[in-house]
Amino acid sequence: DDVSDAVTRWYESQPVQVFVYFCVLYHAFNGLRVLAEDCWPPLLRYHRELIWLQWAVFVPVFGVPAYFLLQSLVLGGA
């Protein structure tokens, strides 16, 4: 019972939640890029540019919510 409580508290901690958010969101954006390349093969010519585009969209979409999620942790609950 103590072990399950500790694991639950760890999983529900903000840093772990932000990491899970990162993983899910990155996986989604990467999947969309791969889907676009699979559905439109001429896009494979722009593979490198599509990866940069993926990151250019991913960073703000991840960064802004992650900032607010971690703000209370970094600022001590302020």
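The radius of gyration is taken here over C-alpha atoms, and the globule rule against which it is set is 2.2 Å times the number of residues to the power 0.38. In this predicted model, the protein chain has a radius of gyration of 17 Å, whereas a compact globule of 78 residues would have a value near 12 Å. Along the principal axes, the C-alpha atoms of the protein chain fill a box of roughly 55 × 30 × 15 Å.

The secondary structure of the protein chain consists of three helices and zero strands, arranged along the sequence in the pattern α-α-α. Among contacts with a separation of 6 or more, 68% are accounted for by residues 24 or more positions apart.

Of the 78 residues in the protein chain, 15% count as buried. The largest nonpolar core has six residues, namely Val18, Leu25, Phe29, Phe58, Phe62 and Ala66. Two or more residues of this core are given by each of helix 2 (14-39) and helix 3 (47-74). Phe29, one of the core residues, is in contact with Gln54, Val57, Phe58 and Val61 when its neighbours within four places in sequence are left aside. Of these partners of Phe29, Phe58 likewise belongs to the core.

The protein chain carries 4 positive and 7 negative charges, and the mean positions of the two sets lie 18 Å apart.

Methods:
Residues numbered from 1 in each chain as written. Predicted model: local features only at pLDDT ≥ 70, side-chain atom pairs only at ≥ 80, totals over all residues. Heavy atoms only, no water. Core = buried A, V, L, I, M, F, W, Y, C linked by side-chain atoms within 4.5 Å. Buried < 20%, exposed > 50% of the residue type's maximum accessible area, 1.4 Å probe, protein only. Helix = DSSP H or I, 4+ residues; strand = E, 2+ residues; numbered from the N terminus. Contact = heavy atoms within 4.5 Å. Lys, Arg positive; Asp, Glu negative; His and termini not counted. Charge placed at Lys NZ, Arg CZ, Asp CG, Glu CD.
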